[in-house]
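The sequence and the structure come before the text.

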Amino acid sequence: MARLVVVSNRVAPIDDKKASAGGLAVGLMGAMREAGGIWFGWNGQVSTTPTPLRMQEKNGITFATLGLNKRDYRQYYSGFSNATLWPIFHYRIDLARFDRAEYAGYLRVNTMLAQQLMSFLKPEDTVWVHDYHLLPFAQACRAQGARNRMGFFLHIPFPAPQVAATVPPHRELIRTMCSYDLVGFQTETDRQAFLDNLRAMPDVTVDGAGVVHADGHATRTGVYPIGVSPDLIEEDAIEGQEHSRLITRNVRGGRRKVIISVDRLDYSKGMVERFCSYEALLEANPEYRSRVQFIQIAPPSRSDIGSYQQIRKQLEAEAGRINGKFSDLDWMPIRYINKSYDRPTLMGLFRNAAVGYVTPLRDGMNLVAKEYVAAQDPETPGVLVLSMLAGAARELDEGALLVNPYDRIGMAEALQQALDMPLRERQERHAAMMRVLRVNDIDAWRNRFMSDLRQQ
């Protein structure tokens with residue numbers, strides 16, 4: 001029987017409880033259990049000496065992991081992946097840098113990972129590769145002799161040609177993606193950006209169905225908006241509701257309403273703009289002071305990259321300034337927290353929050369928006385305020401309040417509308433979004449992609 005081999009930069013922890021913290025891990029593990037699959041990638045460890053491939057099996061899944069040495073981590077991960085591709089793909093040209101040595105390291109690690117994969121890959125295996133760290137991975141595998149069906153899914157946005165062109169080897173890099181049999185994106189906008197980049201290349205053709213032809217190989221493209229597991233989220237939310245209610249001091253239905261945001265600490269999430277719009281709400285509406293509580297949870301990430309250090313300092317300064325401006329003896333307007341919480345606690349916080357405030361400057365999908373909706377009590381749901389530049393806005397436009405994340409006043413007005421929204425309207429908006437989440441859940445996403453990939 002053909003196995004499913006999932007390849008990603010990081011492999012989910014082998015501990016089931018930790019793995020269940022992410023909906024993506026749950027969805028992929030379900031597919032691997034059905035097919036007797038393998039999850040292959042970096043174990044998150046950085047060492048001074050080479051780390052051999054380690055194979056561990058649990059619940060029918062083989063976890064194949066290896067470490068990176070310091071040079072590979074610096075060039076492949078901190079360098080080209082996260083100091084070049086991440087900002088460019090999120091349209092932050094001002095924060096990107098290009099270094100030839102880092103690009104060489106990025107290609108080198110992809111080749112090394114391909115060589116490691118070939119040591120256990122069987123001819124009948126189907127390979128599903130994930131995200132921007134591994135754009136050239138299929139080409140590296142083909143060079144090693146792999147003829148397997150290979151698909152790629154990009155979790156983040158794809159840049160338009162004028163933006164992609166700011167990466168000097170962009171043509172070469174994007175061209176490597178034509179070694180996949182199927183390339184999937186979160187939105188049609190991202191798929192068209194990919195195809196527009198390829199249309200500019202003289203030795204590549206793109207037909208009317210979005211199939212790319214290069215070097216005698218056909219690469220199909222598709223749109224597969226990633227979903228969540230609504231029932232699992234509801235279970236976590238109910239489990240964590242009492243604990244989170246203690247954290248927020250029974251604010252839902254009480255003296256204060258909670259506005260909640262949860263983001264990895266990253267400049268693409270629009271947190272500075274979000275803080276400023278909350279300040280505008282308090283300035284224009286003094287009656288909300290002491291009646292609302294904004295909780296921003298932002299676990300640190302990539303702390304060895306300068307732009308991430310800068311956004312942390314900026315957010316700390318903004319939170320301190322706003323709290324100093326509006327705080328009273330029994331009220332602090334912003335609770336800004338740099339730590340992680342387990343999934344039931346987060347889902348419980350979502351369930352107790354009157355407003356989910358999700359306003360990235362650009363995002364491939366943003367599963368936090370969907371998790372907030374799925375965590376709500378349908379009898380007394382909260383309101384989602386969502387950036388129009390998040391992929392989730394394409395699916396949740398009937399129920400969410402869509403905002404321009406660069407419009408400080410517009411976001412403040414949306415917050416006011418959300419806080420004052422009547423129960424009946426909240427219920428109708430929530431029901432509309434839940435219908436979408438149930439049709440396009442994580443299993444539907446996975447099954448659609450795998451079905452298309454396995455088509456000859």
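The sections below go from the whole chain to its sheets, its helices and a few single residues.

## Overall features

The model is predicted. Its protein chain contains 16 helices and 16 strands. The radius of gyration is 22 Å, close to the 23 Å that the globule rule gives for 456 residues, so the chain is as compact as a globular protein of that length. Along the principal axes, the C-alpha trace spans about 65 × 50 × 45 Å.

Of the 456 residues, 58% count as buried. Contacts between residues at least 6 apart in sequence were also sorted by separation, and 76% of them join residues at least 24 apart.

Strand β1 (residues 4-10) is mostly covered, with 6 of its 7 residues buried. Its pairing with strand β5 (residues 126-130) is parallel and consists of 4 bridges. Its pairing with strand β2 (residues 38-47) is also in the parallel sense, over 5 bridges. V5 has V127 in β5 as its bridge partner. V7 stands opposite V129 in β5, and V7 also stands opposite F40 in β2.

In sequence, A444 and R302 are 142 residues apart; in space, the C-alpha to C-alpha distance between them is 32 Å.

## The sheet of 6 strands

Another open sheet has 6 strands in the order β13-β12-β11-β14-β15-β16, with parallel pairing. Here β13 (334-337) and β16 (401-403) stand at the edges; each has a single partner strand, so one side of each is left without a neighbour in the sheet. From one strand to the next, the twist averages 20°.

At one end of this order, strand β12 (residues 292-297) pairs with β13 in the parallel sense over 4 bridges. Within that pair, F294 stands opposite I334 in β13. Helix α12 (residues 343-352) packs on the sheet and touches β11 (257-262) and β12. The direction of α12 makes about 140° with that of β11.

## A pair of crossing helices

Helix α10 (residues 271-284) and helix α14 (residues 408-420) have axes that come within 8 Å and cross at roughly 65°. The crossing of α10 past α14 is right-handed.

On the α10 side, the residues in contact are E273, R274, C276, S277, Y278, E279, A280, L281 and E283. They meet R408, I409, M411, A412, L415, Q416 and L419 in α14. By class, this contact has 9 nonpolar, 2 polar and 5 charged residues.

## Positive phi in two loops

Most residues other than glycine have a negative phi. Which loop holds Y91, a residue with a positive phi? Y91 is in the loop between α3 (70-89) and α4 (100-118). Its phi is near 65°, a positive value in a residue other than glycine. Y91 has a relative accessible area of 28% and is therefore partly exposed.

D215 is also a residue other than glycine with a positive phi, near 55°. Is D215 buried or exposed? With a relative accessible area of 67%, D215 is exposed, since the cut-off for that class is over 50%.

Technical notes:
Residues numbered from 1 in each chain as written. Predicted model: local features only at pLDDT ≥ 70, side-chain atom pairs only at ≥ 80, totals over all residues. Heavy atoms only, no water. Pairing = 2+ DSSP bridges. Axes fitted to C-alpha atoms, helices over the stretch in contact; angles between N-to-C directions. Contact = heavy atoms within 4.5 Å. Buried < 20%, exposed > 50% of the residue type's maximum accessible area, 1.4 Å probe, protein only. Left-handed = near helix turned anticlockwise from the far one by under 90°. Nonpolar A, V, L, I, M, F, W, Y, C, P; charged D, E, K, R; others polar. Rg over C-alpha atoms; globule rule 2.2 N^0.38 Å.
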